[in-house]
Amino acid sequence: MKKVSLQKVLKMAVITVSTVIIVFLAILSGYSFVQYQNTIKSKVNSYLYESADTLADSLARINSQMYDIYSYDANYEYLQYSSGIDSMESIYTLNERLLTLQKMQQNTVGYIIFYDNFEQKKYYFNQEIFDNEDVETIKDIAQSIASENLSNRSWYYTSINESDYGICVYRSGNIALCQFYRLTDRLNEMLEGIDIQGTKAFLLDDEEIIGDNEIPERGYNIYKRPVAGSPLELVVAVPINFWTLTNINLIVLVIMTISVIIAALVLYRQLRLQLLFPLSQLISDMNNISQGNIDAKILSKSKFVEIQTVIDTTDTMIDEIEKQKLVAYERQLDSQRAKMQYLALQLKPHFFLNGLKTLNVMAMNGDTGKIQDVIMHFSTHLRYLLTLERQMVPLDSEIDYVNNYVALQREMTDRPIKLEWQVNVPRKDWLVPCLCIQTFIENSFKYAKLGSSTAQLIIYISINELDGEDKPLLDLYIRDNGEGYPEEFLDPLNSEPAEGSRHVGINNLLRRCRLVYGTDFEWIFANDNGAVSNLFLPFINEESKER
């Protein structure tokens, strides 16, 4: 294929365009028009985004306050099971707290607490914001929503007398807490800022408009912005009229540009045939590569030397990137394997030395009847622990290992131990990090203080499969009946694990999980009538591990 210089074609185009100097006015007209439209668009989007973010922050604060009361307020919890006079003190204290929160939240209309099996209610409405004639209507709506057998936590959106409201409902047992937020104020503030005659604002809930209004289909430019953390979407309709499309400067430029339209069309036709078609094909092929198809080659060809040079150079760069990607990936795998082996090795001397010490004590005491059983349990323990190649093990293997470990402790210490299991995992191919359960069981043996050496140590283990957003999650929950974690240790344990931290076993387990799962796993350490350890591990099996 004969190659043609792109410079020669561009030179011909420049000569053609230079004969019609006034084409500059066309460019200036287009630029001025775009700038004017961008100014309007930027102004509308700025207020739209600001209002959506402000609304999202307000809803999030309300939800956070409601969740804090729902989860941690003792008075709210007590109201779930009390009635009559027994509930008066709790409802009074809870009402005082809500009044304090009410003063801190702008545009919050008020709240209603339904209690005593929804037969009683306590409420407050901000008279500066709320229209008095709407009170009874919103009470009835709240009563209907709260008494329905729906989810414990919900947001509802409705329109009352041309005002839009958001209703946050937290329901537990025979009580419900509803908080109201007037959404219309956000819309009015946004319209005042935009300040374009005829502009309208709407709120959508799951793509359905709140209230009786309708979004105009014609004659308006529609701008939308979702409200983060909610199904709401802000919509602004800006009218399309003469003064939103142009101004005096644009009118003058358009009149001057009309005279060169024919010449511009001729020039565009030439450029389209000689330059734009090849470039469009080239861009299409490169977009295919940019979407992750690194193995693909650019298929387009061009008679322009410069464009073909770009194609050949890009193909060469893609080959080199693929090579470097493979090298970097191998290095990352090697580094990860080394780190995980190092973390596992930190644990082994501890278990090994404790086992030898126990056998020595039994031999000195002449407990020959137990030594054989202990050696069998101990050999199973070490066989599992010393397998460095198995960083991920089947869940059933980890459960068997924990049972063996507890049996070993019974033999070595004569300590009364009760191990309670609750396993609800339909999948049989779960892989979990080695020692992900045993580490916490061992921690209970070491640190659970029961007040007496004869008191029974009870360890409860719950393993459940949960539905995650992207993949299933494994919920590992371990609790003992000791005094729990020291309060000064909870914050470090719930923070990001780091090398050199205390609690070597737990810290190393969390660091190994971080290497395996990245940021996709979570952990919680707390006290609830004993030490509580909770891990949430994403689903991994042999097939996904190999990928």
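Visitor: How do you know which residues and atoms count here?

Guide: This is a predicted model, where local features need pLDDT of at least 70 and side-chain atom pairs count only at pLDDT 80 or more, while totals for chains, interfaces and linings use all residues. Residues are numbered from 1 along each chain as its sequence is written, and side-chain values use heavy atoms, with hydrogens and water left out.

Visitor: What makes something a helix or a strand, and how many does the protein chain have?

Guide: Both are DSSP runs, numbered from the N terminus: helices are H or I with at least four residues, and strands are E with at least two. The protein chain has 16 helices and 16 strands.

Visitor: Why are β8 and β9 called a pair?

Guide: Two strands pair if DSSP finds at least two bridges between them. β8 and β9 (residues 232–239) have seven bridges, in the antiparallel sense, so by that rule they pair. One of the bridges has Lys224 with Val235 in β9 as its partner. The two strands also form a hairpin with five residues between them, and Gly229 in the turn has a positive phi of about 80°.

Visitor: What about β6 and β9? How many bridges join them?

Guide: Six, and the two strands run antiparallel. Lys200, for instance, has Ala237 in β9 as its bridge partner.

Visitor: Which strands stand at the edges of that sheet, and why?

Guide: The open sheet has four strands in the order β7-β6-β9-β8, with antiparallel pairing. β7 (208–209) and β8 (220–226) each have a single partner strand, so one side of each is left without a neighbour in the sheet. Helix α6 (residues 184–194) packs on this sheet, touching β6 (200–205) and β9. Touching here is a contact, meaning heavy atoms within 4.5 Å.

Visitor: What makes β9 largely enclosed?

Guide: Buried means under 20% relative accessible area, exposed means over 50%, and partly exposed is in between (1.4 Å probe, protein chains only). Seven of the eight residues of β9 are buried, so the strand is largely enclosed by the rest of the structure. Across the protein chain, buried residues make up 41% of the 547 residues.

Visitor: Why do you say Asp53 and Arg225 meet in a salt bridge?

Guide: A salt bridge is a side-chain nitrogen of Lys or Arg within 4 Å of a carboxyl oxygen of Asp or Glu. For Asp53 and Arg225 the N to O distance is 3.9 Å, so the pair qualifies. The pair links distant parts of the chain: Asp53 is in helix α2, Arg225 is in strand β8, and they are 172 residues apart. The structure holds nine salt bridges.

Visitor: Are those two residues buried or partly exposed?

Guide: Asp53 has 38% relative accessibility, so it counts as partly exposed. Arg225, with a relative accessible area of 25%, is partly exposed too.

Visitor: What do Arg97 and Asp68 tie together?

Guide: Their side chains meet in a salt bridge at 2.2 Å, N to O. Arg97 lies in helix α4 (residues 88–104) and Asp68 in helix α2, so the pair ties together parts that are 29 residues apart in sequence. Asp68, Asp73 and Arg97 are linked in a network of salt bridges.

Visitor: Why is Arg186 called buried?

Guide: Its relative accessible area is 9%, which falls under 20%, so Arg186 is buried. Glu189 comes to 42%, so that residue is partly exposed. The side chains of Glu189 and Arg186 meet in a salt bridge (2.1 Å, N to O), and both residues lie in helix α6, three residues apart, about one turn of the helix.

Visitor: Which residues form the nonpolar patch on the surface?

Guide: Phe33, Val34, Ile240 and Leu245, with about 300 Å² of accessible area together. Accessible areas come from the Shrake-Rupley method with a 1.4 Å probe, and for residues, only the protein chains shown count as cover. Patches are made of residues with over 30% relative accessible area and no salt bridge: like charges are joined within 9 Å, and nonpolar side chains (Val, Leu, Ile, Met, Phe, Trp, Tyr) within 5 Å. Val34 has 41%, so this residue passes the area cut-off. Val34 lies in helix α2 (residues 23–72).

Definitions and conventions. Axes fitted to C-alpha atoms, helices over the stretch in contact; angles between N-to-C directions.
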